[in-house]
Amino acid sequence: MSGRIANPKLQGLIMSADEAAAKINPGDQIGFSGFTGAGYPKEFPQALARRIKEAHDRGEEFKVNVMTGASTAPELDGALAEVNGINWRMPYQSDPTLRKRINAGDTYYSDIHLSHSGMLLDQGFFGATDVAVVEAVRIKEDGAIIPSSSVGNSTNYLRNANKIIIEVNSWQSEDLEGMHDIWSYGQLPNRQPIPIADPGDRIGTPYIDIDVDKVIAVIETDAADRNSPFKPIDDDSKKIANYLLDFLDGEIKAGRLTKELLPMQSGVGNIPNAVLAGLLEGPYHHITSYTEVIQDGMIDLMDQGTMTVASATAFSLSPEYAHRVNENAAEYAKKIVLRPQEISNHPEVIRRLGVIACNGMIEADIYGNVNSTHVTGSKMMNGIGGSGDFTRNAFVSCFVSPSRAKGGDISAIVPMVSHVDHNEHDVDVIITEQGLADLRGLAPRQRSRKIIENCAYPDYREPLLEYVERAEKNASGLHTPHDLHEAFNFHTRFMETGSMMPEK
């Protein structure tokens, strides 16, 4: 496999993952490649977890700070969280073991907009980056690396790190070379405009230049990306997708869109993937995407010819689709562009292209505020990810969710969200399997009725309408009327009884 390592100096630094992990010190701040289970180092984090466990068994304190592009996989976040080896983590995570550590107070977690994370790192806000650990398809003769199935924050970590460790993964297709577009807008006060006028525009290089003298280890691996398969599309997901497609048809009839639409952005998950599946059957053609991740539905759209190009920072594919892309990477490289996330998620480009954004949520309130991160206000689920980057700057921002959870005991539509990630000013459309509420141009009290009547599950409409009427009667002002005591009770009722429904 050393044929993938063309630089003579770096050939001499090939070693095992355990040997590389021995070079890490307690308290080190490590920037890992990886974004939604794609392109993350596979062997090194597990070796580091073993070393941390051995230290803990001896009664020694050993934790590190972990930075990535977004979520990774059990081999990284899970392995390090299992041994309680993470002191601080940013900017997004979805691993269940790490989530437990965060909510137990064992790990500090900074939930940061993805487009901001690399910028804050460059500005030194997080302190020194001791080590960058990145996965590559291959290393060129001059030491430049070809990234694998994600870019994420890798360019920022490689640029700022004092030391570099590279995992060269032979599972990743060498034909990924040419898919990446590496470009930086520079540092303040000399930042440059981002010259992207179309999702398929390539403005940089297909490789990442590095300082070869910083490299302390090269690890050879042959391990697949770890992404779970999407669940089968259920009836609720189909209904939600159909409501969104009906909305897009209405925008076409109103003259705000054509059948080419505008570039699509889709959050990660089963419902956004169901929306993409729905586009396969619609009247649309020559669709493009400017988004964070390439999902299964986008691959189907490209194979069908409906989608001509997709720009992102990473793949988020089921095992079946990851194999398909690996086998045909040279062809997909003609239609897919993978960029650093500070470019894929940059507000300048999102606003210029007029992106149609579609993201998931945990809950929305009757005035259009959305919570996408916290359960009952204090328990972290995953993080805001890139949803804020796209929501604030999109041509139209949509949030989708089933109208209820926990077997019907929790309503996704509440009087007041327990945590605000996206405020009412940024949320245009809310969709559940019950219907769609287009909030554009509506005052708060107008929004409340529309959200309740169109999006709330029938069993919850009456108590929500009662709340509105009581709030309008008792509130000190009628612009955004609230009964704060009753809004709090709506959430605490589930904590006390297991259901948000009031007793009859």
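The report below moves from the whole chain to single residues.

## Basis of the description

This is a predicted model, in which local features need pLDDT of at least 70 and side-chain atom pairs count only at pLDDT 80 or more, while totals for chains, interfaces and linings use all residues. Residues are numbered from 1 along each chain as its sequence is written, and side-chain values use heavy atoms, with hydrogens and water left out.

## Overall architecture

The protein has 18 helices and 25 strands, where helices (H or I, at least four residues) and strands (E, at least two) are DSSP runs numbered from the N terminus. Its radius of gyration is 23 Å, close to the 23 Å that the globule rule gives for 504 residues, so the protein is as compact as a globular protein of that length; the radius is taken over C-alpha atoms, and the rule is 2.2 Å times the number of residues to the power 0.38. The C-alpha trace spans about 75 × 55 × 45 Å along the principal axes.

Of the 504 residues, 58% are buried, a class that means under 20% relative accessible area, as against over 50% for exposed and in between for partly exposed (1.4 Å probe, protein chains only). Contacts (heavy atoms within 4.5 Å) between residues at least 6 apart in sequence join residues at least 24 apart in 72% of cases.

## Surroundings of Leu 80

Leu 80 lies in helix H4, which covers residues 74–82, and is buried, with a relative accessible area of 0%. Apart from neighbours within four places in sequence, the residues in contact with Leu 80 include Phe 32, Pro 45, Leu 48, Val 66 and Ile 86. Met 500 is 420 residues away from Leu 80 in sequence, and the two are 36 Å apart in space, C-alpha to C-alpha.

## Backbone features in loops

Two cis peptide bonds can be described here. One joins Met 90 and Pro 91, with omega about 0 degrees, and Pro 91 sits in the loop between strand E3 (86–90) and helix H5 (96–104). Another runs from Leu 188 to Pro 189, with omega near 5 degrees, and Pro 189 is found in the loop between strand E7 (163–169) and strand E8 (215–221).

Positive phi values also occur in residues other than glycine. His 286, with phi near 55 degrees, is placed in the loop between helix H9 (270–279) and strand E10 (287–290). Lys 406 has a phi of about 55 degrees, belongs to the loop between strand E21 (404–405) and strand E22 (410–411), and counts as exposed at 59% relative accessibility.
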